[in-house]
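Have a look at the structure first.

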Amino acid sequence: MTKQEELKLIFIEEANEIIEKLDVDIIRFEENSNDLELLNEIFRGVHTLKGNSNAFGFTRLGEFVHHFEDLLDYYRSTKESIETNNLELFVESVDVVKEVMICELDAIEQLPKSYAECLEKIKILLDIKKNRTKPTVEQKSIEPLNDLACEFASISFEEDKNEVEECVKFQQSMQSEELNLYKIDLTLDNDCYKRGFDYFIFLKILGERATHLDSFFDMQNIQMLDEFKCDENSISKVTIVALTPLVYGEIEEIFEFLFDHEYSITLIPPLIAEQKTDTQIQNNSSSETSEIVSNATSKTSTISTNSNTNTPKSTIRIDTFKVDELFDSVGELVIAQNFITQNREIRSLENEAINRSIETLSKITKKIQDRVMSLRMVAIKDTFEKMKRVVRDTSKKTCKEINLIIQGEETEIDKTMIDNLSDPLIHIIRNAIDHGLESCGEERVSVGKSADGVITLRAFHKSGNIVISVSDDGRGINKERVLKKAIERGVVGENENLTESQIFALLMQPGFSTAETISDLSGRGVGLDVVKTSIEKLRGKVEIDSKEGSGTTFSIILPLTLAIIDGMLVQVAEETYIIPTLSVIESFRPQKEIVHFLKSKGEFVNLRGECIPIVRLSDVFDLKTTRVEAWDAILVCVETEGGRIAILIDELLGRQQVVIKTLGKSLAKIKEISGGAILGNGDIALILNVDELRPLGEISHV
Amino acid sequence: MEINGDEIIIELDMPMDEVVKFEEFIRPRIEYIEKIETEPKGTLTSGALLSLLVSIKRTRPQIEIPFLEKGWATSSTHGTLHWTYHD
């Protein structure tokens, strides 16, 4: 991969992050359009996107965000309150940015229709705004295409200065601990080109290390062609603003061959440091700013003050592939450590020093495992923030007023799961609004509810798992209707006696929908099926709880991580299997009286009135063993998508966290097994896929 | 440099000697030129060319120079450039 391609990949990643953030921020801004700080934040995102898009040849995106930036800049500089319809334009613009980004990435020539329309709206709005506020500004032949630079094209030099100050402020906001911010003024002599110097040479050198680099060329002294000589410098001044890890001395070295009067370097302190030095500045009346100024003539005086007094969080960007590799290595380390801990020969050594070392090794391994795990964990906040947009759009489409309540947004979850969680959540939320809530405010009021529907999005830990729930306070699920539909479709028999959760689970069957009308949001019976499949891919499950008249809650239950599973180790015919603890309800040795055999339906256990089919692992995997009666064995009751089953085993070995290993292609075909794990003693155990232990069609309910 | 009727297309990354040649070319022909376009993927690499474009625009404001009129440019090597010229 070439350097340019690498840079492009970084740009795409960053651009997507910016766009995702814009999507969230714009909805927050819509909620509170007086939040100027948030407007600045949006502006900064758009500004960065503009620069990067143009640099990588995404000119269509660059052009759009350029105008959008102009509009944002107008509002942030005038502090004018934003009209509701114009807020809608902001939201629309972010949508266009998202769509154009896709077009740019996929090299799609045809831009969406909304591109031109939205761009036109922005231009018109800008024209209206600018003509209203700046009637005296001479109309230039220049199209109103330009960004900040254009605006000061015919205005005073004072405005140029403001522009530099704006840029300084912007870069200050991007500054982190390891970066220094410099303002460099270049006033090169007329003969500089002949001496081999050009502004662009310095920009190129600075650009090699700078994370942000802006330069402002003051061309006011350029003469008409009659008097102009292109080999003589007539640019009066260039101001460079650079955010770079280079220290003062290194910056100075770049300009060391210039005359002292041709350059001036100013080290600008970070924002926090600037605030801290305010009091010192007041004591020093000769200092107008807190900048650490060092002209070429007094270079040595203040360099030692280059110490960043703020300690912002320092972050580095790491490829998730590398984190996954590290995670795999730690998995191996855990296995090796378990092997040592459980090795009988080592354990038989009654050497205190060795035992202590093993104990220390265990503790350190656990600590490393926890820390590496934490690298993959991210707060669910961003995903929840995205859902605000979904709620807003669905609310508008369905004409239902909705209050969204978000709880537990700081709950952390595996990054891989976060990435795959958005779509299921969108499905559930749309479904909740479209079908869960009553069709209008009047209907709600008539049953004693508030006119506005309430959707609650919640994340929390429960029994070592993460639960993400979406609740609505709508009409709830009509169980009878669901059951009737299921019988009509032949999904269940007329005489089958289903529990409440089994009835609700029918809603997640492919093609099952009770919706009488199909909207573009939901009702086709594909959404919840997709949700279920997506969540199961993440080793999780979906539970539905509903009370007619009060509302419905969809709970997505996920393991903490995809790479490690909490499992119950069981033994059957000398073989060890792992049952995911997430599915286990209880284990017990049944009494003879509660075990029944039904002709053509097999063995059942009557557990507190519920008849649960018994599944013998020795039958499933065709293991050679002496057949024991169920009351002489142990049953592990597990929840599966087809209802509860009782797995018959010989022995319970214990509960353990195991690192999941994928099986080879040939074993992957065995649907009853979802993976393998290496145990502490070096043995291999297979992880059971409990949902496949009995096909759905064989479910029998008595 | 390409000439297309009354439109000239120039490369932005021309070295100093070419800038001088461009200046020499345009000086006697300035009244006949309607537009100066730039190669789409080029990057400005000299203050001399930028100055020359400003000088041309100042001498004959009717000439369209979209690159200059934009007021800014970005490149991965030189960062974001902003310029001001006063008519």
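This is a predicted model: local features need pLDDT of at least 70, side-chain atom pairs count only at pLDDT 80 or more; totals for chains, interfaces and linings use all residues.

## A sheet in chain A

Let's begin with one bridge: A:Y577 has A:L686, in strand 23 of chain A, as its bridge partner. Strands here, like helices, are DSSP runs numbered from the N terminus (E, at least two residues, for strands; H or I, at least four, for helices). Strand 14 (residues 575-580) of chain A pairs with strand 23 (residues 684-688) of chain A in the parallel sense, over two bridges; pairing takes at least two DSSP bridges between two strands.

Zooming out, there's an open sheet of five strands in chain A, ordered 21-13-14-23-22, with mixed pairing. Strand 21 (651-659) and strand 22 (673-678) of chain A sit at the edges with a single partner strand each, so one side of each has no neighbour in the sheet.

Residues are numbered from 1 along each chain as its sequence is written, while chains are lettered from A and ligands numbered from 1 in the order in which they are written.

Chain B has a mean pLDDT (the predictor's confidence in each residue, from 0 to 100) of 87, with 98% of its residues at 70 or more. The model scores ipTM 0.95 and pTM 0.49.

## Where the chains meet

Contact here means C-beta atoms, placed from the backbone, within 7 Å. By that rule, 38 residues of chain B touch 43 residues of chain A. Helix 2 of chain B gives the largest share of chain B's side, 10 residues.

Strand 2 (residues 212-218) of chain A also pairs with strand 5 of chain B, in the parallel sense over five bridges. There, A:S215 has B:L81 as its bridge partner.

Terms used: Two residues are in contact if their C-beta atoms, placed from the backbone, lie within 7 Å.
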